[in-house]
Amino acid sequence: MNFVHSEAGNVSNLRFNQDHGCFSCAMDNGMRIYNVEPLREKMHLDASTVGSVGICEMLYRTNIIAIVGGGRKQKFAENAVLLWDDLARKFVSEFTFSSPVLSLRLRRDKMFVALKTQIHVFSFPNNPKKLFTFDTGVNPRGLCEVSPFPSSERQLLVFPGHYSGSVQIVDLAKIHPGSTGAPITINAHTTDVACIAINHQGTLIATASIKGTLIRVFDTYKKVKLIELRRGSDPA
C-alpha cells in the first residue's frame, strides 16, 4: 500500500528495525533508511541500483538489508528476496520463490519469508539453508511475526491459521530442521485476522481482525486471552 507521496516518490512500505532505533522506506525510486533519534537519513539506494522497491527489511543496524522489488519501475522480481551488503556495496544472496513475496522478517539467526499460503524459514546470514516450510491459511497481507531476539524467552513464529480468525504459534526452539511440529492454534476472532504483533520476549501476542473494533492480547504459554481492547462498534 502507498503511505506517502513526496519529492522522493511514493512510499510503498515502512518498517522499523528490530530495536526500533531505525526505520526503512521502500519507495518507487529506491529505498532509504533513517535513524529515529535524532531523525536523519543513514543511507539510501537509488533506483539505478535497486529499481522501485516493494519491501525493505533491516537486520538491526548491521550492513545487511533484505529487499524485494515492487512498484512501477522494479528492477527485480516480486518473487525474489535479495540481500544487500552495504559494506561491500553489492548484493550477496538471492532467494527465489514460486509466488510473490508478501513480507519478510529478519533475526540474527533466521530469515522468514511469507507468501500467500506458506512461510519459509531459512538459516541466516551465513550459508543460508531452508529449515522449515509452514502452510498457512490464505494470507494476502503476508502476516508473519517473530520474537526478534535469539535469546528471547520463547522463539515464536506467529501467522494466520487455516480457519477465519485463527492464528497459529510455532516454538522454533522445540522443532528441528526436517521435522513437522504441529503449530498451536488460537481462535482469536470471528473474522479474518488483519494484524499480528508479538512482544520481544515472545510471551504475548496481540491480534486485530478486519472488522477493526477489537485488539486482543493472548498469553503464549497458557494460550488464553488476557485482555480485550475495544475501539468502538463501527468497522474500521
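In strand 7, Ile65 is the bridge partner of Met58. Strands here are DSSP runs of E with at least two residues, numbered from the N terminus, just as helices are runs of H or I with at least four residues. Two strands count as paired if DSSP finds at least two bridges between them. Strand 6 and strand 7 (residues 64–74) pass that test with six bridges, in the antiparallel sense.

Before going further, a word on what you are looking at: this is a predicted model, in which local features need pLDDT of at least 70 and side-chain atom pairs count only at pLDDT 80 or more, while totals for chains, interfaces and linings use all residues. Residues are numbered from 1 along each chain as its sequence is written, and side-chain values use heavy atoms, with hydrogens and water left out.

As background, strands of a sheet pair through backbone hydrogen bonds, either parallel or antiparallel.

Further along the chain is another pair to find. Strand 20 (residues 214–219) and strand 21 (residues 224–230) are antiparallel and share six bridges. Within this pair, Arg216 stands opposite Glu228 in strand 21. The two strands form a hairpin with four residues between them, and Lys223 in the turn has a positive phi of about 60°.

Stay in that loop between strand 20 and strand 21, because Thr220 is placed there and is buried, with a relative accessible area of 0%. Buried means under 20% relative accessible area, exposed means over 50%, and partly exposed lies in between (1.4 Å probe, protein chains only). Leaving aside residues up to four places away in sequence, Thr220 touches Arg154, Leu156, Ile169, Gly202, Thr203, Leu204 and Ile205, where contact means heavy atoms within 4.5 Å. The side chain of Thr220 reaches the backbone oxygen of Gly202 at 2.8 Å. Ile184 is 36 residues away along the chain, and its C-alpha atom is separated from that of Thr220 by 9.6 Å.

Some backbone details deserve a look too. Most residues other than glycine have a negative phi, and most peptide bonds are trans. Arg89 has a positive phi near 55°; this residue is in the loop between strand 8 (80–85) and strand 9 (90–96), and at 45% relative accessibility Arg89 counts as partly exposed. His20 also has a positive phi, near 60°, and is found in the loop between strand 2 (9–16) and strand 3 (22–27).

The bond from Glu37 to Pro38 is cis, with omega near 0°, and Pro38 is in the loop between strand 4 (30–35) and strand 5 (40–46). The bond from Phe124 to Pro125 is cis with omega near -5°, and Pro125 is in the loop between strand 12 (118–123) and strand 13 (130–135).

Finally, how confident is the predictor? The protein chain has a mean pLDDT of 89, and 91% of its residues reach 70 or more; pLDDT is the predictor's confidence in each residue, from 0 to 100. Over residues 1–6, pLDDT stays under 50, and the model has 15 contacts beyond four places in sequence for them.

How values were computed. Polar contact = N/O pair within 3.5 Å; in protein donor to acceptor, adjacent residues only side chain to side chain.
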